[in-house]
Amino acid sequence: MELTYSDVKAAAERVAGLVRPVAVAQADHAGQLWFALEFLQHTGSFKARGALNFLRTHRENGTLTPVGVTIASGGNAGLACAWAARSQGVPATVFLPTTAPRVKVDRLAAYGADVRLVGAQYADALAASRDFADATGALLSHAYDNSLIAAGAGTLMTEIHQRIPDLDAVVVAVGGGGLFAGVATAAARYGIRTVAVEPARCRALHAAIAAGAVVDVEVDSVAADSLGARRASDLALTAARRHEVDSVLVEDAAIVAARRGLWAEHRLAVEHAAATALAAVLGDEPAFRSAPGERVCVVLCGANTDPSDLAR
């Protein structure tokens, strides 16, 4: 399975005018580091793009049923699915692990979703969503392992390129790999290098690249609520193999520091997944070191977080 730029382009046309265009901000005085403020997107993360592309495509194809849609999520994909489902006038049933942050559960209820907490990890919620789809006929969506979801996420990169046309590299956090696959596919079209960043203890893509195949990994990170996929998608691994990609790992301490630094220095309150991408370019020995003069954009992908710990 392989994602193409044509898939991303079609998604961009499908969601145009329905998602918030990404804002970018210069993060240093020299103009070498930029932030893509995608946490300002509907539902608080990039996931709105893929969810909308997924549901609108199924409506166009006549495969969106009155029973609605179901999805398993650590939170953000569920929020996006519920938001997109409401816009399409169909129900959404969202399965989350019991460890999902309360802020995400409450927001799902506000979008009108039927929220069901199952198990301790994403994989448990995924199994429950599949059983529900089989039993009810609901359309089964996926947080990341779907070409329509990944293509929708890739529309973010088309907008970043429009705003920073001379960009050299884009840095993005990876969970299951939907955002990564979409961004890497579009970035390659523009001659932009993609840097895939994962927590050291949530390294599904990194492990897949090393093994040459998707493999199961342990999940234990402060960013696991968003990046806690037990395995990467085949789409993500294919994108990593085909395009110019750097895969790097960061420790939880660096993630926490990056998140607090964004608040202290820029007054940006993001979730740990967004800070994971930034952590890769910070410190005396960064996980990713750009070449002199290169322009780098870090995707701040989501902000569905409780900010009460940022002032500590």
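Reader: Why does Arg267 count as exposed?

Author: Its relative accessibility comes to 52%. The cut-offs are: buried under 20% relative accessible area, exposed over 50%, partly exposed in between, with a 1.4 Å probe and protein chains only. So at 52%, Arg267 counts as exposed. Bear in mind that this is a predicted model, where local features need pLDDT of at least 70, side-chain atom pairs count only at pLDDT 80 or more, and totals for chains, interfaces and linings use all residues. Residues are numbered from 1 along each chain as its sequence is written, and side-chain values use heavy atoms, leaving out hydrogens and water.

Reader: Where does Arg267 lie?

Author: Look in the loop between helix 11 (252-266) and helix 12 (272-279). Helices (H or I, at least four residues) and strands (E, at least two) are DSSP runs, numbered from the N terminus.

Reader: What is the phi of Arg267?

Author: Positive, at about 55°, although Arg267 is not a glycine. Most residues other than glycine have a negative phi.

Reader: And Thr43, is that buried or exposed?

Author: Thr43 has a relative accessible area of 4%, so Thr43 is buried. Its phi is near 70°, again a positive value in a residue other than glycine. You'll find Thr43 in the loop between strand 2 (33-36) and helix 2 (47-61).

Reader: How do you know that strand 3 and strand 4 pair?

Author: Two strands pair if DSSP finds at least two bridges between them. Strand 3 (residues 69-72) and strand 4 (residues 92-96) have four bridges, in the parallel sense. If you want a spot to look at, Val69 stands opposite Ala92 in strand 4.

Reader: Which strands form the open sheet, and in what order?

Author: There are four strands, in the order 5-4-3-6, and the pairing is parallel.

Reader: Why is one side of strand 5 and of strand 6 left without a neighbour?

Author: Both stand at the edges: strand 5 (114-117) and strand 6 (139-140) each have a single partner strand, so one side of each has no neighbour in the sheet.

Reader: What does helix 5 touch when it packs on the sheet?

Author: Helix 5 touches strand 3, strand 4, strand 5 and strand 6, where contact means heavy atoms within 4.5 Å. Its direction makes about 160° with that of strand 3. Angles run from 0 to 180 degrees between N-to-C directions, with axes fitted as lines to C-alpha atoms, for helices over the stretch in contact.

Reader: Which strands does helix 3 lie across?

Author: Strand 3 and strand 4, and helix 3 runs at about 170° to strand 3.
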